[in-house]
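Dear colleague,

I am passing on the structure below, and after it I set out what was found. Please read the notes with the model open beside them.

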Amino acid sequence: MILILGGTAEGRELASALDGRGVVHSLAGRTARPRAEGTVRSGGFGGAAGLAEYLRDNAVRVVVDATHPFAGRMTQNAAVACAEVGVRLVRLSRPGWASHPDAHRWHWVDGHDDASATAARLGGPILLTVGRQHTPAYSGELAGHRVVARVAEEPDVPLPDPWTVLRTLGPFTVDGERALFDEHGIRTLVSKDSGGEHTVAKVDVAAERGCSVVMIRRPAPEPGVPEVASVEACLAWLS
Ligand code: NAP
């Protein structure tokens, strides 16, 4: 059996391409109505030890870690569990945006604390696009700023009153992002270096509008784990 650790468009595409060929597509179970393909299981494994047990119990031969580039814990657990059980592991990770023509002008930071301090210094209005889980971490530093927080689902904790919360799921178009930047007069964008095409329009429009960009670097890759950058490359690796 092939286990795909998903939660991304790439995970969905891979599961769809391999459907019917002994593949299980695993999701964290965070979203109420996830978009998923193939045979799906949902919810955490219980750390690296739980994943190792799952791999043994289900005779998993290969794991494809197609989780989001910022899903660092799952990626670490996969490396530990696969090494322990002796299962082959490949990381499917779309390229980041470091080669974007404007990337040299961005404020590259290593985490959310740094990102919120940098955004506070640069000032707003700020478009905050760091995901539901991490948005509340900006509440302290950016409480007094004009912030548009874009999230796929409402965060569990209340956000500062003056903030505008937009509940919306990508992909996003350049025209849509232009309208959003103009409506709110956005001057600073905060983003993770997620990479890919689905959400790149915001960085293109930020460049076009001369906005400041605070870009959060990706977690370091797991040493010794082979990496592929596309679904096609992953299918070639698997074959
Ligand atoms: P994380 O911090 O790396 O994972 C936290 C825990 O969630 C893991 O330890 C694991 O629980 C469980 N988990 C994560 N991915 C799983 C999967 N595919 N199948 C089963 N369990 C999984 O990840 P995260 O940042 O919270 O992201 C959660 C999910 O959302 C991931 O699947 C990721 O691909 C997707 N996602 C994340 C982002 C992002 O920016 N982080 C953006 C879009 C989508 P146990 O330890 O109990 O096994």
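Which residues touch the most other members of the largest nonpolar core? This is a predicted model, in which local features need pLDDT of at least 70 and side-chain atom pairs count only at pLDDT 80 or more, while totals for chains, interfaces and linings use all residues. Residues are numbered from 1 along each chain as its sequence is written, and side-chain values use heavy atoms, with hydrogens and water left out.

To take the question first, the largest nonpolar core has 17 residues, of which Leu128, Tyr138, Leu142, Trp163 and Val190 touch the most other members. Such a core is a set of buried Ala, Val, Leu, Ile, Met, Phe, Trp, Tyr and Cys residues joined through side-chain atoms within 4.5 Å, where buried means under 20% relative accessible area, exposed over 50% and partly exposed in between (1.4 Å probe, protein chains only). Two or more residues of this core come from each of α4 (112–122), β7 (126–129), β8 (147–151) and β11 (212–216), and α4 gives the largest share, three residues. Helices (H or I, at least four residues) and strands (E, at least two) are DSSP runs, numbered from the N terminus. Not counting residues up to four places away in sequence, leucine 142 touches Ser116, Ala119, Ala120, Ile126, Val147 and Trp163, a contact being heavy atoms within 4.5 Å.

Arginine 150 lies in strand β8 and counts as buried because its relative accessibility is 7%. Its side chain is joined to that of glutamate 177 by a polar contact of 2.8 Å, that is, a pair of N or O atoms within 3.5 Å; within protein, one must be able to donate a hydrogen and the other to accept it, and residues adjacent in sequence count only if both atoms are side-chain atoms. Beyond its neighbours within four places in sequence, the contacts of arginine 150 include Leu127, Leu128, Thr129 and Lys202.

Turning to the ligand, 23 residues surround it, the closest being Ser26, Arg30, Phe45, Met74 and Lys192; a residue is counted if one of its heavy atoms lies within 4 Å. The largest share of this shell, four residues, comes from α3. An oxygen atom of the ligand is 2.6 Å from an N or O atom in the side chain of arginine 30, and a ligand oxygen is 3.1 Å from a polar backbone atom of alanine 71.

With best wishes
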